[in-house]
Number of protein chains: 2
Amino acid sequence: MGRPKTPLLSLDRMASAALEIVDSDGLDGLSMRRLATVLGVQVASLYNHVKNKDELLHEIGNQIMAQVDVTGFRDGDWRQGIATWARSYRAALRAHPNMVPFLATGPGRRETALARADAVHGGLVAAGWPPRQATLIGASTKYLVVGAAMTSFARGFDDDVQIYVDRYPHLGQAHRLRAHADEIDDESFELALQAFLDGLAQRFAELSKAADKR
Amino acid sequence: MGRPKTPLLSLDRMASAALEIVDSDGLDGLSMRRLATVLGVQVASLYNHVKNKDELLHEIGNQIMAQVDVTGFRDGDWRQGIATWARSYRAALRAHPNMVPFLATGPGRRETALARADAVHGGLVAAGWPPRQATLIGASTKYLVVGAAMTSFARGFDDDVQIYVDRYPHLGQAHRLRAHADEIDDESFELALQAFLDGLAQRFAELSKAADKR
DNA sequence: ACCTGAACACCGTTCAAGT
DNA sequence: ACCTGAACACCGTTCAAGT
C-alpha cells in the first residue's frame, strides 16, 4: 500500500477530473473526497499534489483563462483589440459556466490574468489612450464580460427574459424560454459592447481634437 | 425545554443576524450552527422558520434588493432612469460585498427583482424604445452593475489596479493600493455607464430619425 | 407552534505510518 | 516521493420527543 513505481496522480489529471465534475455537477458538486473516488485514490493522497482545494480551483481557473485572446491590438486598432478580448473572454467563461462564480470572485492576481491585463493596457496606450483611461477601459470591459457571464450563469431564471416572455407571449412559448434566454443574452452582450465602444470612440475623437489644437 | 411563551426566533431576526455574519466574516463564515449560537438557540430550531439555508440567503437578498431605486423614469427620461437604477443597484451591492456572489448567481426570480425589471422595461418602452431593445438594454445594464460589483468584490487584488500601480509607481505607493482600487473602481463604473449611455443615445437618435422619415 | 437532543451523512485537512 | 488509514473539527438537515 506504499508509493507505486509510477505516480497515480498529477496536478493535470486532478485539474481536468475536477473540472469535469464542476461542469457536470456544479461548484458545490466538487468535493475532495469525490474527486479522490473518481481518480481511484484516497482523499489524503490529493494533498501531495495540491496545498488545498482552493489551489486546485485556481489551477482550473488558469487553464480556462489561457483561452482568452489578447492579440487583437496587433495593428494598433484599439476597438478591435477590446472587442476580440471581450468576446474571447466571454466565450471562455461560457464554456464553463459553473466556474464563473469562482473566476469572477477570486483575486485577479492569477499570473496569466495579470499578463493579459498588461497586454490590454499596453495595447490601449499604444493606440493613443492616456494610461489612466486605459486602466479604466480595461476595468470597464471586464465588468461587462464578468457581468454577462454571471448573469447568464443564472440563465433560464433571468428577469429580463421573463418579463419579455410575460409581456409579449405571442412572440414565443414558455417552453422556448431557454432558447430565448440564450438569444437575448448574446444580443444584450453585443449591444452593451458596441454601445460602450461607440461611447469610447466619441471620447477618443475629442481627445485627438484636443491634442491637435495644442 | 419546550416552546417558550413568546417565540425566541423570527425570520427577520435570523436574516439580520445572518447578514451581520456574512458582512463581517464572508459568505463562508455563515453556518447554520454559528447563526444558532449567535441567536442563543439550537441549530434545529432555525428550521422552524426557514426551509433551508438557501431560503435564508434569499431572504437576505430580498432585503438588500429593496434598496434599489427605480423611480428615475418618472419624467420620461430614459437616460436618467437607467443611470439612477444602475447607481442605486450598484450601491446596494456595494453595501454588502460578501453577498454579491450569491446575489449575482442566484436565480433573478426574486419577486422584488422581477418587479424592478418590469419597471425598467416599462420605463424604457414609455420613453420610446421598442420592447425588444428595452429588454436588451435592461440586461446590458445589469451586466455592468453586476460585473462592477463582482470585480470590486475582489478589490485590492484587481489586475488593472495592480498594473496601474506597477507601471506608474510615482503616482502612488503600494500601501495606498486599496484607496486606488476604490477610486479606479468608481471611475471605471462611471465611464462604462456614461459611454454605454452615449452609445445608446446615438442609436435612439437614429431610431427617431427613421420614425420621422416614415 | 416552537424549541431540543441526538443522529445521519456529509465536508476539508492533518499526520503518523508504510514503501 | 507518494499513497494510506484514521482521526479532528467542522458542516446541513431530519426527526422523535418534549411543552
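Student: Which helix gives the most to the surface near DNA strand C, and with how many residues?

Tutor: The helix is H2(A), with 3 residues. This is a predicted model, in which local features need pLDDT of at least 70 and side-chain atom pairs count only at pLDDT 80 or more, while totals for chains, interfaces and linings use all residues. Residues are numbered from 1 along each chain as its sequence is written, and chains are lettered from A and ligands numbered from 1 in the order in which they are written.

A residue is near a strand if its C-beta atom, placed from the backbone, lies within 6 Å of it. There are 23 residues around DNA strand C, and Gly2(A), Asn52(A), Arg3(B), Leu8(B) and Ala44(B) come nearest. Helices are DSSP runs (H or I, at least four residues) numbered from the N terminus. At least two residues of this surface come from each of H2 (32–38) of chain A, H3 (43–46) of chain A and H3 (43–46) of chain B. The surface comprises 11 nonpolar, 7 polar and 5 charged residues; Ala, Val, Leu, Ile, Met, Phe, Trp, Tyr, Cys and Pro count as nonpolar, Asp, Glu, Lys and Arg as charged, and the others, Gly among them, as polar.

Elsewhere in chain A, H1 (residues 11–25) packs on H4 (residues 53–65) at about 85°, with the axes 9 Å apart. Axes are lines fitted to C-alpha atoms, for helices over the stretch in contact, and angles run from 0 to 180 degrees between N-to-C directions. H1(A) and H4(A) are therefore roughly perpendicular, a term for angles of 65 to 115 degrees, with under 35 roughly parallel, over 145 roughly antiparallel and the rest oblique. Leu11(A), Met14(A), Ala15(A), Ala18(A) and Leu19(A) of H1(A) meet Leu56(A), Glu59(A), Ile60(A) and Gln63(A) of H4(A). By class, this contact has 7 nonpolar, 1 polar and 1 charged residue. In chain B, the axes of H1 (residues 11–25) and H4 (residues 53–65) come within 9 Å and cross at roughly 85°. H1(B) and H4(B) are therefore roughly perpendicular to each other.

Chain A is divided into domain 1 (11–50) and domain 2 (68–213), with bounds from an automatic or database domain assignment. Their contact takes 5 residues from domain 1 of chain A and 5 residues from domain 2 of chain A; residues are in contact if their C-beta atoms, placed from the backbone, lie within 7 Å.

Between the chains, 52 residues of chain A are in contact with 51 residues of chain B. On the chain A side, H6 (100–105), H7 (111–126), H8 (131–153), H9 (159–167) and H10 (177–213) give two or more residues each, and H8(A) gives the most, with 16 residues. That side has 28 nonpolar, 14 polar and 10 charged residues.

The same surface serves both copies, as 98% of the contact residues of chain A recur in chain B.

Note on methods
Contact = placed C-beta atoms within 7 Å.
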